[in-house]
Amino acid sequence: VFAAQTGTAWVQRTNLPASITDPFALATCGGWWMLGALTGAGVAQIYRTAADDGTGVGAIGSAGGSWTASTMPATPTEVRAFARLGSGNIVAACATRAVYSTDLGSTWSDASFASAPTGNGRDVAATGSKVVWVAQDGEIFTSGDGASFTQTTSLAPGAGTWQLTAGDTATGTGEVVAWRSGQSTAVDIYR
């Protein structure tokens, strides 16, 4: 991991948790960095550390900072992305499900799905009042709290992996854009 406050002076941080083998997701949510990874035993784990406020705190802001393992439910798989709702709840997209936290990532619980996704979870984005979860094959699920999801649509099937990007929530647009990367013969963008 490399870190920079201004994007010009990069510093390598080698203080990742010793037990991880594959980091999959890294994001800042509510003053905390969230790191989704697999442990050496192949178990999905989320770690967190304080975000740097310019004083060199946390594992990203200081070479001496450390990561704390969060309390996880028993069954999550690869953590692939994080998003934070306006309520403060944080949602993580996992390969086969979603997990959510109501305490800034200290503890996580399994989210429920009204209908089971057929594809692997790929990404998650929040608009402030809603969170959108997308499966690799384009299934779209939404939630107002990150705890329970309902399928709202399916995007065009085909090769490639669906990704999400949220618009500027400060403007109140609540816009989420879905786009497909890799292996697609055409560019697919939905909003």
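The structure is a predicted model, and its protein chain holds one helix and 18 strands. Among the contacts in the chain with a separation of 6 or more, 39% are between residues 24 or more positions apart.

**The five-stranded sheet**

- An open sheet is built from five strands, which follow the order E11-E15-E14-E13-E12 with mixed pairing, and its edges are formed by strand E11 (112-113) and strand E12 (121-126), each of which pairs on one side only.
- Strands of a sheet pair through backbone hydrogen bonds, and they may do so in a parallel or an antiparallel way.
- E12 is joined by five bridges to strand E13 (residues 131-135), and the two run antiparallel, with Ala126 standing opposite Val131 in E13.
- The hairpin of E12 and E13 has four residues between the strands, and Gly128 in this hairpin takes a positive phi near 115 degrees.
- Although E12 is an edge strand that pairs on one side only, five of its six residues are buried, so E12 is largely enclosed by the rest of the structure.

**The four-stranded sheet**

- Another open sheet has four strands in the order E7-E8-E9-E10, and its pairing is antiparallel.
- E7 and E10 stand at the edges of this sheet with a single partner strand each, so one side of each is left without a neighbour in the sheet.
- E9 and E10 are paired in the antiparallel sense over two bridges, and the bridge partner of Tyr100 in E10 is Ser109.

**Strand E5 and its partners**

- Strand E4 (residues 32-39) and strand E5 run antiparallel and are joined by seven bridges, and in E5 the bridge partner of Leu38 is Ala44.
- E4 and E5 form a hairpin with four residues between them, where Gly42 in the turn has a positive phi of about 80 degrees.
- E5 also pairs with strand E6 (residues 68-69), in the antiparallel sense and over two bridges, and the bridge partner of Tyr47 in E6 is Ala69.
- Strand E5 covers residues 44-50, and six of its seven residues are buried, so E5 is largely enclosed by the rest of the structure.

**The nonpolar cores**

- In soluble globular proteins, nonpolar side chains tend to be buried together.
- The largest nonpolar core has 17 residues, of which Val91, Ala98, Phe113, Val124, Val131, Trp133 and Phe149 touch the most other members.
- The elements that give two or more residues to this core are strand E7 (79-84), strand E8 (90-94), strand E9 (98-101), E12 and E13, and E13 gives the most, with three residues.
- Apart from this core lies another, which has 15 residues, including Ala27, Cys29, Ala92 and Val99.
- When its neighbours within four places in sequence are left aside, Phe149 is in contact with residues that include Val91, Ala98, Phe113, Val131, Trp133 and Phe141.

**Aromatic rings**

- A search of the whole structure finds five aromatic pairs, and one of them is the tilted pair of Phe82 and Trp108, whose rings are 6.1 Å apart centre to centre with 55 degrees between the planes.
- Phe82 lies in strand E7, whereas Trp108 lies in the loop between E9 and strand E10 (109-110), so the pair ties together parts that are 26 residues apart in sequence.
- Phe82 and Trp108 are both buried.
- Phe113, Trp133, Phe141 and Phe149 are linked by ring pairs into a cluster, and among these residues Phe113, Trp133 and Phe149 also belong to the largest nonpolar core.
- A contact of another kind involves Arg48, whose charged end sits over the ring of Trp32, 3.8 Å from the centre of that ring.

Notes: Residues are numbered from 1 along each chain as its sequence is written. This is a predicted model: local features need pLDDT of at least 70, side-chain atom pairs count only at pLDDT 80 or more; totals for chains, interfaces and linings use all residues. Side-chain values use heavy atoms; hydrogens and water are left out. Two strands pair if DSSP finds at least two bridges between them. Buried means under 20% relative accessible area, exposed over 50%, partly exposed in between (1.4 Å probe, protein chains only). Contact means heavy atoms within 4.5 Å. A nonpolar core is a set of buried Ala, Val, Leu, Ile, Met, Phe, Trp, Tyr and Cys residues joined through side-chain atoms within 4.5 Å. Rings of Phe, Tyr and Trp (its six-membered ring) pair if their centres lie within 6.5 Å; planes under 30 degrees apart count as stacked, over 60 as edge-to-face and the rest as tilted. A charge sits over a ring if NZ of Lys or CZ of Arg is within 6 Å of the ring centre and within 35 degrees of the ring normal.
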